[in-house]
Amino acid sequence: MRRSRLAIALLILTLGAPTLVEAQTEISARGANLRIGGRLHTQYLSSSVDGSNSDFFLRRARLIVDADFTDFVTARIQTDFASSRAALLDAYVRLNFSDGFRLSFGQFKRAFDLFELSSSTDLSLVERTGTVVGYDTCTGVGRLCSYSRMTERLRYSNRDTGIKFDGAFGRFGYLATITNGTLPAVTDVNDAKSYAGRVTYMATDNIQVGANATAKDYLDPDDETAFAYAWGADVQVGTWRDGWLLQGSFVVGDNWESLDTVTTPGEYIANDFVTSQISASYYFPLSNERIVGIEPIGRISATDPAKTIDQDGGLLLTPGMMFYFLGKNKVGFNYDYYDPAIGDAVSTFRIATLLYF
């Protein structure tokens, strides 16, 4: 209840004083300059699945502290209070050797796909995975089969603990991570590590193309260390809140959560999966004191979670609209419609407020 009251108070404050929404407080403490900010995302959803209840809830209630000790040493801590138990998301120290080489230690997002690395402060997709409450059928990963559901649940993307290398040379950029291969803040289960990397190239000022690959360690049913592999490519045309924005990506790899026994007893092989996604939006600026811009958005995500199993995939469609009242701060809706290869279509309607301060 205390967290709920705090979140409601923050919402009232940001709506009542919009000029403060994007302001970040800067203070000095013990030799570091601190910038304190956060985000508050509230949501209402209603699912078409029988037996599912509509729900009001806090999707994200995050506080972020960026610390600058020197130009060489910086750090970030990001926590989330939206659930009943506070979670530590980002927690890392970064050494800035040059624009071409930076080294980070701690917890952060793995170096993989475009959609996961895009910040939730920018996305107008309310839920990356498009989850439909009450629906749970996707081979290996559960819930519904979508691009982000595959990459997140198989732990090719999302957060992990380890070291990160990144930098840029002109139009080329790179990002690489060596991590435990577990969930955030979870002790490693073996001596192996997971490796991920991506490279990007700015073909023009508004077109970025990228490629990514990963080797993910895991324990098979016999508690033996095995590796799953995935790779993909992506493109982004345009940028946030400036006319057209198009993002497209595909990933193929091993669905290590769905294993087949091979001819040799005690050995297992992961099913192959393939998934792709395209999202498109257009930001229309408005001359209005309350609504400064509107943004229609659409997503198409097609997934086959296990090629050895017939008709176990599906298609996710998401139309939506966002209304901006200051900078990244907005309110709007998404309608996630999932059409499986077998069975009836299901859907979820979402209304969300996405505030950044």
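Predicted model: local features only at pLDDT ≥ 70, side-chain atom pairs only at ≥ 80, totals over all residues.

Biologist: Okay, let me try the term out. Is Ser146 buried or exposed?

Modeller: Ser146 has a relative accessible area of 0%, so it counts as buried.

Biologist: And where is Ser146 placed?

Modeller: Ser146 belongs to the loop between α2 and α3. Helices (H or I, at least four residues) and strands (E, at least two) are DSSP runs, numbered from the N terminus.

Biologist: Which residues does Ser146 touch?

Modeller: Leaving out residues up to four places away in sequence, Ser146 touches Thr129, Thr275, Ser301, Thr303 and Leu316. Contact here means heavy atoms within 4.5 Å.

Biologist: Let's zoom out. How many helices and strands does the chain have?

Modeller: There are three helices and 17 strands in the chain. Its radius of gyration is 21 Å, close to the 21 Å that the globule rule gives for 357 residues, so the chain is as compact as a globular protein of that length. That radius is taken over C-alpha atoms, and the globule rule is 2.2 Å times the number of residues to the power 0.38.

Biologist: What box do the C-alpha atoms fill?

Modeller: Roughly 65 × 50 × 45 Å, taken along the principal axes. Of the chain's 357 residues, 47% count as buried. As for contacts with a separation of 6 or more, 53% of them come from residues 24 or more positions apart.

Biologist: New topic: which cysteines form a disulfide?

Modeller: Cys138 and Cys145 do, with their sulfur atoms 2.0 Å apart. A disulfide is a pair of cysteine sulfur atoms within 2.5 Å, and that rule gives a count of one. The link of Cys138 and Cys145 is right-handed, with 110 degrees about the S-S bond. Both Cys138 and Cys145 are buried.

Biologist: What about rings? How many aromatic pairs are there?

Modeller: The count is 19 aromatic pairs. Rings of Phe, Tyr and Trp (its six-membered ring) pair if their centres lie within 6.5 Å; planes under 30 degrees apart count as stacked, over 60 as edge-to-face and the rest as tilted. Take Phe112 and Tyr156: their ring centres are 6.0 Å apart and their planes are at 40 degrees, so that pair is tilted.

Biologist: Why does the pair of Phe112 and Tyr156 tie together parts that are 44 residues apart in sequence?

Modeller: Because Phe112 lies in the loop between β6 (101-109) and α2 (114-117), while Tyr156 lies in the loop between α3 (147-153) and β7 (159-169). Phe112 is buried, at a relative accessible area of 0%, and Tyr156 is buried too, at 0%.

Biologist: Which kind of pair do Tyr156 and Phe273 form?

Modeller: A stacked one, at 6.2 Å centre to centre with 20 degrees between the planes. Tyr156 is in the loop between α3 and β7 and Phe273 is in strand β13 (residues 268-285), so this pair ties together parts that are 117 residues apart in sequence. Elsewhere, ring pairs link Phe72, Phe97, Phe101 and Phe165 into a cluster.

Biologist: Which lysines lie over a ring face?

Modeller: Lys164 lies over the face of Tyr92, at 5.2 Å from the ring centre. Lys328 lies over the face of Tyr356, at 4.7 Å from the ring centre. The rule is that NZ of Lys or CZ of Arg is within 6 Å of the ring centre and within 35 degrees of the ring normal.

Biologist: Last one: where does Asn271 lie?

Modeller: Asn271 lies in strand β13, and at 2% relative accessibility it counts as buried. Its contacts, not counting residues up to four places away in sequence, include Gly253, Asp254, Ala306 and Thr308.

Note on methods
Residues numbered from 1 in each chain as written. Heavy atoms only, no water. Buried < 20%, exposed > 50% of the residue type's maximum accessible area, 1.4 Å probe, protein only.
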